[in-house]
Structures are given as C-alpha cells and as structure tokens.
Amino acid sequence: MDPKIYLNGDDWCFKEFTGEDWRWRKSHLRKTNDRYFWGTGSVPGSVQHDLWKSGEIANPYFERNTMLCEWVPQRTWVYKKEFQVHAELAGKRFHLCFKGVDYAAHFYLNDEYLGYHEGMFTQVHFDVTNLIKSDEKNLIAVVLMPAPYEQPQVGYTSKVKTHKSRMGYWWDFNPRMVHLGIWDDVYLEISENLRVADVFVRPILEPSHNKARINLSVELESTIAANVELTGDIQFQGKIIASCQQTIQCDVGRTTHQLSMEIEHPALWWPNGAGEQNLYQASLEVMDESGLSDHKTVSFGIRQIEFVGNELAEPEALPYTLMVNGRKIYIKGWNWVPMDALYGVPRPEKLERLLTLARQANVNMLRVWGGGLIEKDVFYDLCDRYGILIWQEFIQSSSGIENYPSDSPAFIELMTNEARQIIPTKRNHPALAIWCGGNELQSLDEKPLDDHHPLLSALKQTVNQLDPDRHWLATSPTGRVFGNTLENIQHDPTALHDVHGPWEYQGTEKQYELYNRGSSLLHSEFGVEGITNAKTLDTVIHPDNQWPVSLEKNPLWFHLGAWWVKRDVWDAIFGELPDVDSYIKATQFIQFDGLRYALEADRRRMFQNSGTLPWQFNEPYPMAACTSAVDYYAQPKPVYYAVKKAYNPITVTARFEKITWNEQEAFACEIWVSNSNLNGSTSAVIESRILAESGRVLYDQTIEVQFAGNLSTHITDLQFQLLEIEKIFFLDLVLKDSAGEIMADNRYLFTCDKQLTPMLHVEPARITVQVENSVDQWNLRIENIGKHTAMYIWLEDARGRMAPGFVYFDQNYFCLFPEESRMVQVNWKDIPAGERRLEIKGWNTNSLILKENGITNA
C-alpha cells in the first residue's frame with residue numbers, strides 16, 4: 001500500500017477576497033452560496049501564476065508587467081479541492097500534510113477548522129483520522145492570508161520579522177513580485193496505530209574507509225502503548241547488505257529508538273569530479289500484533305566531510321579548505337538563487353537542466369543564497385545524484401542600509417523553531433555540507449558577524465544538536481573584513497578570510513590588478529555584469545522598446561537592470577556604441593573575460609585560497625542585465641563557458657597585468673598549470689603562441705613541463721616585444737601529454753589600444769560547418785575559411801525560448817584563426833528529431849542555420 005495519497009494537481013479552485021469577506025460568504029465551506037468567479041488553480045503553485053494562466057493578469061515576465069500584479073499578495077485567497085478516499089481505507093489513521101504554504105494560512109477539512117500556520121519552510125501536519133469520510137467527497141480549504149510586510153534589498157535587516165524569501169520584495173535581479181501560494185506538496189499520509197515520523201541516518205566512516213557504521217535514529221508516533229517489532233535494513237544497488245531487528249516498548253505519543261548496522265568496504269559518495277555518487281537506502285518497518293503498521297525509506301550516502309585550515313592563513317582564521325574522505329578538494333562553486341520568482345510552480349525539466357549545466361561545468365558546490373529559499377527536496381535529491389555539495393543558508397540577508405539581524409527574544413525563538421523543523425528534513429542528504437546563518441550579516445560598523453550574535457549563536461546550537469556532523473558558518477562572508485578590495489589588500493592582506501565582491505567589471509587594468517593581488521582564503525560571492533542573450537532580451541522587452549540602453553532615458557532598462565546597466569564604464573572601455581547588439585557583444589565579453597580571470601587567479605593560489613563561488617549561476621526572472629551566467633530560460637550566456645573551462649580538472653592559464661597594451665614596448669605574462677587530479681605529469685609540453693588578428697604567428701615556443709597533482713604550478717614566464725603589431729593580438733596556450741593529446745588549452749585577447757574598441761571592428765570572416773549526426777548527438781566541425789579571425793563564434797538553439805527540451809554544447813564562444821577549425825559536440829535532450837535547429841554565428845561572420853536535412857544561411 002502506498003502510504004500517501006497526493007492531493008496535488010490542477011483541479012483546485014481559487015478566488016480572491018478582501019479582508020474577512022470569505023468568512024461572511026462561507027466560501028470555505030461545503031454549503032456555500034459563493035458560486036461565482038472561481039478560477040482553476042494548481043497545487044503546488046503560485047497565485048500569480050494561476051491568475052496569469054486564467055487570463056486575469058498580463059504576462060508578468062514581460063517589460064514592466066510585474067507592476068500590474070503588485071496587488072495580488074495584498075489580498076486573501078481561498079484555495080479548495082474535493083477528493084475521495086477509498087472505502088477499503090476505513091479504519092486507517094490519516095494525517096493531512098502540507099510541505100510548504102507561503103506564508104500564513106487557515107486550514108479546513110469538511111467544514112472543520114484544523115488550525116492556523118505561519119512559515120513557508122515548515123511543514124503543517126493535522127491528524128484528520130476522525131474527519132475523513134470514505135463514503136462521500138471530502139473538501140479541503142486553505143485560506144491564504146495577505147503576504148507579510150518585509151524589507152526589500154535596500155532596507156534594515158533588524159526590521160525583518162519573518163522567515164520568508166525576501167527576493168520577491170525587490171532585489172537587483174528580480175522585480176518586485178511578492179510570492180503567495182501553496183508552494184509544495186499536499187498529501188494524506190496513511191498508517192495504522194503507529195507511524196514512522198522521522199528517520200535520521202548517521203553514517204560513521206572508519207579512518208581506513210574499510211568499514212562504516214550506520215546509526216539510525218527512528219522517531220515513532222503511536223496512539224497506543226504496545227510491544228512492536230522494528231526492522232531496519234540497508235540496501236545498495238537493489239540488494240540488502242545489512243539488517244537488524246528489535247522488539248521495543250512503544251508508548252503513546254512520540255518515542256525515539258536507535259538502530260545500528262555495519263557495512264564492510266562501503267562504496268563512498270564523492271563530490272562531482274572526485275569520484276562516484278554512491279547512494280544507499282535505509283528502510284524501516286514497524287510491526288504490531290496486527291501486522292505492518294508503517295514503513296519509510298530514505299536515501300543516504302557514506303562520506304566524511306570536514307574543513308581544515310588554509311595554507312598561510314593567520315591562526316584566528318576559520319578553516320575553509322574542503323576535505324572529503326580524507327582528500328583536499330578545491331571548491332569549484334557557484335551561487336544559486338531560486339530558479340523562478342514564482343517558485344511554487346514545479347519546473348522539473350528546468351531544474352534538471354540547470355543542475356546538469358552545473359555538473360557539466362565541473363561545479364562541486366552550490367551556495368543556496370540567504371535571500372532565496374530553503375530549496376525543495378527534489379533539488380536536494382538531484383544534488384545527491386550529481387555530486388553537487390550544498391551550502392544552505394537560513395533565509396536572512398543584508399539590506400544595504402543596515403545588515404544586523406534582530407536579536408529580540410521573539411525573533412530568536414521564531415528562527416530556532418523554524419530551524420528545529422527544517423534541519424531534520426534535509427540532514428540525510430549527503431550533498432548537504434554547510435548550514436549557514438545567512439547572507440552578509442554584519443555589525444553596525446559593517447564587519448561580518450560571528451557566533452557571538454545571539455541569533456546566530458542560537459542557530460549554531462540548534463544545528464549542532466540536530467545535525468552534529470555538518471559544518472556551520474555564522475554568515476557569508478566571515479573574517480576580519482567584508483570585501484575583496486585593493487584597499488583592504490593594501491592595508492592588511494591577511495585580513496581577507498572569506499570575502500565578497502566586487503560584482504562589477506573593474507576595467508581593463510584594475511580587474512586584473514585586483515585578482516593578481518588577491519589574498520582571500522575563500523571567495524564566496526563576486527561577479528561581473530553583462531546584458532542577457534539577444535533572444536531572451538527580445539522575449540522580455542519588445543525589440544522596438546530596447547533602445548536606448550540607458551537608465552536615464554529608458555524605464556524598461558531601469559526596471560530590468562537598474563544596478564547593472566553601467567553605461568559610463570562600458571563606454572569608457574568600448575566607446576559609445578551604436579546599437580543594442582553591440583552592447584550585448586561588449587558586455588558579454590567583459591563578463592566572460594573578467595570572471596574567467598578572477599577564477600583562474602584565485603585557483604592559481606590553491607590551497608591558500610580554497611575555492612570560488614561566483615555570483616550568480618542562474619536568475620529567477622528574465623532580467624535585461626545582471627550578473628547571472630545562465631538566463632531565466634536556462635540558456636547559458638558566454639560567461640558560463642568561461643567558468644566551465646576555468647573549472648576543468650586541468651587548466652593552463654596566464655597571469656598578466658591588463659588586456660589593453662597601449663603604448664607598451666613589451667607584453668609579459670606568467671604561465672601556470674592548475675591540476676585538481678591526484679596525479680601530476682612529468683612529461684608534458686606547453687605550446688605558447690602569440691598571433692595577430694590576421695592569424696600571423698608572432699611568437700611560438702614549446703617547452704617541456706612537469707606539474708604536481710592537486711596543486712597549481714608556476715611553469716614559466718613569457719615576454720614579447722610589441723613592435724609594429726596589429727591592434728589586436730592573442731595569446732594561445734596548449735598543454736599536451738606525452739602522446740600529443742591536448743590536456744588543456746586557453747586563448748586570451750588583447751588590444752594595443754587604450755580601449756577594446758578594435759574588437760568590434762575586425763574585418764569579416766567566413767565560417768563553414770560539417771555535421772555528423774547520431775541519434776541524440778551531432779558532431780560539428782566548424783572552420784574559418786576567411787582571411788581574418790572569426791570573433792567569438794556562438795552556437796545556440798534556433799527555436800523560440802518557450803520551446804520544450806534543451807541542447808548542450810561541450811564548448812562555445814570561441815575565436816577561430818584563418819584556416820583553423822574546431823570540433824563541437826552537441827547533445828539533444830527531449831527535442832524531437834524533426835524540430836532540432838541550431839544557429840551558429842560570430843561577431844564578424846556569416847550566420848548559419850543547421851537542421852537535420854541541411855545547412856542554410858540565416
């Protein structure tokens with residue numbers, strides 16, 4: 001018997017009310033005369049999404065339409081549904097469960113009041129055994145109260161009084177759209193007199209890794225006092241490998257019982273890129289004299305995670321270096337925000353797409369940012385499978401004007417009560433690595449807070465009690481200073497522990513100076529801005545309304561990118577540009593190059609620096625401009641591929657002063673190899689070339705190199721005289737093994753100009769494509785047959801943004817020299833063969849459309 005009856009679906013009715021009008025009309029009861037203007041809604045879901053699909057509000061993802069639906073969270077909303085329970089279930093115990101209601105609600109079943117609940121991250125359970133009817137329809141009604149008033153991005157953290165996602169109150173990457181809705185599953189849980197309320201699996205791995213003890217803490221809930229038989233077993237790959245059984249005395253109410261089993265030669269769980277993600281299942285059955293009363297199965301992994309001190313760190317610094325199963329692992333992270341502003345609507349295909357992109361980009365940790373969500377179970381399940389560690393923050397964040405969380409006893413009690421309910425729902429996941437108090441929580445003099453703050457101390461104590469093997473951080477960042485700035489580095493480089501910032505491109509010299517001088521132990525938030533992809537921009541702003549790209553003259557850019565349209569900076573780098581397409585090219589390049597260099601520079605200091613987590617991976621709304629690497633429609637921007645390459649197991653990189661070399665006699669750089677693999681190489685070569693934009697080779701050197709495992713190694717220095725050189729030149733690096741196979745490569749662009757303007761004026765090139773098709777994979781050979789470099793060739797899905805399915809590229813956004821070619825692997829996911837189309841074009845090339853039946857010019 002399935003122990004749950006899900007009440008999810010698109011067959012709920014919903015309607016808006018002002019004040020207590022729903023009570024007066026008895027709208028929540030079976031016998032009501034309120035028959036008019038009920039809409040059809042979905043659970044899980046979001047009120048705004050139901051209104052949009054019903055035609056009651058305009059598309060909230062277009063231009064400034066979010067402003068037309070700001071009234072929605074100010075109203076009361078009644079959601080109700082009829083359902084039936086089969087007669088053979090009569091006599092069972094029923095618990096009505098809501099996994100997430102945002103934010104406050106009254107609950108009714110068959111006209112009976114069940115209770116009131118506040119808190120979107122805490123589950124609601126009602127024993128409805130005596131209310132369920134098996135011979136007629138049952139009516140469930142949920143009365144959603146208006147959303148609470150809360151602080152937007154700019155405000156006062158001390159005034160925050162709820163544990164609700166703050167992003168929707170307005171953030172720099174999300175227009176104001178305050179969420180309301182039944183945002184997670186609703187179900188009836190069925191059992192006999194005893195039910196398994198909770199199972200906590202706590203694997204203890206021996207230092208030899210040859211054995212693991214699996215300790216299970218089982219919480220039972222019973223309506224009777226009885227002797228019962230509790231049976232537990234451990235399964236791996238469908239086979240039972242360990243089991244145990246106990247006869248216990250179970251009293252009325254809740255009781256906790258301990259089981260323990262031992263596993264020989266356990267298959268360990270590893271982060272992405274370090275090994276396999278082996279998952280076990282622990283199954284519990286409770287039997288009384290009448291037979292099986294309840295059962296529960298949870299998934300878990302066997303691994304040991306700890307954090308150790310960084311190399312060269314001052315003694316008082318926290319440990320930031322990740323150790324998994326005894327091995328140091330460099331954190332290749334990203335910051336994760338909710339994948340949609342209307343986060344109640346299930347989007348399983350989009351979630352899998354985003355986490356697949358993260359996995360393919362060699363990501364091994366996502367920081368779940370403290371202004372967003374305690375993510376749903378499906379997110380945690382996928383991270384378990386994909387080997388992506390989770391740094392989960394409680395939902396607290398900075399507020400610009402003041403960033404100090406309330407220390408009132410009432411707020412501390414609210415937050416610790418929330419934590420006591422949230423932690424048990426996540427602690428079995430092997431991907432969960434860190435609990436954190438929140439984002440950018442600071443003292444009144446803007447120093448990162450620590451565990452001395454009463455709230456953070458209370459949260460730490462709660463984590464230690466309920467999840468003692470998990471790492472804790474009071475906030476992010478932590479340490480003596482907040483920001484990654486040249487001023488802080490100059491004043492005291494040892495003071496930069498975990499730091500944030502900057503989030504903007506610093507310029508063609510300052511960007512590279514800052515990261516060359518970096519001294520942070522961990523860099524958990526920083527980024528570079530850029531305009532979104534052209535197709536996404538056309539979807540969110542009508543093409544006729546996109547020009548000018550200006551905060552002063554175009555309110556749409558202000559609404560969809562107020563913090564990230566940096567015209568003064570962009571124009572200083574490229575000159576004033578003539579159209580939207582040019583600004584897309586320019587800003588996406590500085591985002592690509594600026595973030596690439598930041599990641600490479602931090603990684604060159606591994607393990608003095610223990611990892612990077614750029615801001616931000618995804619976005620919850622189709623912004624015209626922001627710092628995301630993947631747009632709202634789960635389409636990567638060029639910067640995604642920069643991060644993917646920077647996170648490769650082995651990279652070859654260059655350390656240089658700047659990318660504009662105006663009036664300079666010589667170019668100089670250092671060449672480094674960063675290796676995350678355990679094994680190094682004693683017989684590799686690096687080919688270093690400098691080429692003009694025409695493809696003319698100006699410098700060519702091949703040297704034999706050695707580099708160690710799990711380390712960054714300075715290989716050599718390179719110098720080249722800049723005499724009578726063209727306006728653009730490239731540094732090309734290729735690392736090969738003893739068999740001549742490419743282990744890593746990299747290509748950097750520079751100008752002999754005070755600006756990057758020459759990039760946008762390269763003479764035309766021409767590309768051709770040859771295609772080899774298999775079932776779900778295309779192998780493309782892209783060649784430049786012109787006489788000039790093909791600038792930043794970009795491959796993308798040629799279908800509309802709303803089309804189902806996704807396409808994946810193993811590489812993208814690259815330059816091709818004359819007569820040079822490159823192989824690109826394309827994989828199709830959930831796109832029927834007859835609908836597959838690609839568009840390929842560079843900044844200065846022809847545009848090609850690829851279909852199964854041929855290639856045409858766009």
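The following paragraphs lead through selected elements of a predicted model. Local features are reported only at pLDDT of at least 70 and side-chain atom pairs only at pLDDT 80 or more, whereas totals for chains, interfaces and linings use all residues. Residues are numbered from 1 along each chain as its sequence is written, and side-chain values use heavy atoms, with hydrogens and water left out.

Helices (H or I, at least four residues) and strands (E, at least two) are DSSP runs, numbered from the N terminus. Strand β1 is joined to β13 (residues 186-191) by three bridges, and the two run antiparallel. Tyrosine 6 stands opposite tyrosine 187 in β13.

Helix α5 (residues 409-426) has 18 residues and reaches 26 Å from its first C-alpha to its last. This is close to the expected 26 Å, the expected span being 1.5 Å times one less than the number of residues. Buried residues (under 20% relative accessible area, 1.4 Å probe, protein chains only) in α5 include Phe411, Ile412, Met415, Ala419, Ile422 and Ile423, and also Glu418 and Lys426. The buried residues of α5 pack against β8 (112-118), β14 (194-205), α4 (377-386), β28 (432-436) and α6 (454-466), with contact meaning heavy atoms within 4.5 Å.

Helices α11 (residues 567-574) and α12 (residues 580-603) have axes that come within 11 Å and cross at roughly 90°. The axes are lines fitted to C-alpha atoms over the stretch in contact, with angles from 0 to 180 degrees between N-to-C directions. The two helices are therefore roughly perpendicular to each other, a term covering 65 to 115 degrees. Arg567, Trp570, Asp571 and Phe574 of α11 meet Tyr583, Ala586, Thr587, Phe589 and Ile590 of α12. These residues divide into six nonpolar, one polar and two charged; Ala, Val, Leu, Ile, Met, Phe, Trp, Tyr, Cys and Pro count as nonpolar, Asp, Glu, Lys and Arg as charged, and the others, Gly among them, as polar.

Methionine 623 is found in the loop between β33 (611-612) and β34 (625-626). Methionine 623 is buried, with a relative accessible area of 2%. Not counting residues up to four places away in sequence, methionine 623 touches Asp172, Phe173, Asn174, Pro175, Thr532, His559, Leu560 and Gly561.

Key
Buried < 20%, exposed > 50% of the residue type's maximum accessible area, 1.4 Å probe, protein only. Pairing = 2+ DSSP bridges. Parallel < 35°, antiparallel > 145°, perpendicular 65-115°, else oblique.
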